[in-house]
Structures are given as structure tokens and as C-alpha cells.
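Here are my notes for you, written as a few numbered points. Have the sequence and the model open beside you as you read.

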Amino acid sequence: QVQLVEFGGGLVRTGGSLRLSCAASGIMFRINDMGWYRQAPGNERELVAVITRGGSSNYADSVKGRFTISRDNAKNTVYLQMNSLKPEDTADYYCKAMVWSASGVNSYWGQGTQVTVSS
């Protein structure tokens, strides 16, 4: 059973920074793409950033230049450094991982961590 656990959410003022982390555990052969998504109240879940196993990354236009995604393959962990936070970044943030395990390649989600940016 693969599990993803996120850490690092909280309350921050406009212009502040937060670092989210997400660790995968369980019996896995390999983790392929890892990513961060967010969902604000009343909105659909949207992609924030994604990173391949080799380190190539892509970002939503709304976070480019402010957020940085990274990963540590040895620790099965993905990070999201969020700088210059804005009130519109307020949302529940979820990590997602494409995991190759004995059951094949499947996507797994974390439970979410809340980020609130006050104006």
C-alpha cells in the first residue's frame, strides 16, 4: 500500500513564504512524475507544478517565478517552495505521485494540507 503524506501548510501573510513537503511510503519499485495540485473552495482542483524523476519541471502560469518544485528521489519526497504568496494562493494543496509498484503504475494522492494567505 502506497501512502503520501504532506507537511508544511499553514497561515502566512501576503508576500510570505511556505515550504510544503510530501513523502511517499510503501513498497514501490519507482516513483515517476510527482506533482502538486491545489483546490480552493468552490473551484476545481488545478495543477500547480509537476516534476519528472529526472528533474524536469512545469508550472502553472499563475505561480511561475514564485514557486519552485523539487524532489529527493532517495527520500521519495517532493517539495514545493512557495514565495511571494498572494491571497489567491489560498487553497488545499495536494501532492500526487505516479508510482510503479507490484500492482502496476498507479497515481496516488496525499490527504491535502491547507495554505491560507492573509491580505
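**Notes on the strands, the disulfide and the surface**

1. Let's start at a turn: Gly55 has a positive phi near 105° in the hairpin of β5 and β6, where 5 residues lie between the strands. Strands here are DSSP runs of E with at least two residues, numbered from the N terminus. β5 and β6 are antiparallel and share 3 bridges; two strands count as paired if DSSP finds at least two bridges between them. Val50 has Asn58 in β6 as its bridge partner.

2. Before going further, a word on the source: this is a predicted model, in which local features need pLDDT of at least 70 and side-chain atom pairs count only at pLDDT 80 or more, while totals for chains, interfaces and linings use all residues. Residues are numbered from 1 along each chain as its sequence is written, and side-chain values use heavy atoms, with hydrogens and water left out.

3. Now step back to the other hairpin. β4 and strand β5 (residues 46–51) run antiparallel and are joined by 5 bridges, and Met34 has Ile51 in β5 as its bridge partner. Between these strands are 6 residues, and Gly42 in this hairpin takes a positive phi near 80°. Compare Gly42 with Gly26: they are 16 residues apart along the chain, and their C-alpha atoms are separated by 33 Å. Gly26 sits in the loop between β3 and β4.

4. How many disulfides does a search of the whole structure find? It finds 1, a disulfide being a pair of cysteine sulfur atoms within 2.5 Å. Cys22 and Cys95 form the link, with their sulfur atoms 1.9 Å apart. The pair links distant parts of the chain, 73 residues apart: Cys22 is in strand β3 and Cys95 in strand β9 (residues 91–101). Cys22 counts as buried because its relative accessible area is 0%, and Cys95 is buried, also at 0%. Buried means under 20% relative accessible area, exposed over 50%, and partly exposed in between (1.4 Å probe, protein chains only).

5. Is Phe29 buried or exposed? Phe29 has 55% relative accessibility, so it counts as exposed. You will find Phe29 in the loop between β3 (18–25) and β4 (30–39).

6. Finally, look at Arg66, in the loop between β6 (57–59) and β7 (67–72). Arg66 is buried because its relative accessible area is 10%. Leaving aside neighbours within four places in sequence, the residues in contact with Arg66 include Gln81, Met82 and Asp89; contact means heavy atoms within 4.5 Å.

Definitions and conventions
Helices (H or I, at least four residues) and strands (E, at least two) are DSSP runs, numbered from the N terminus.
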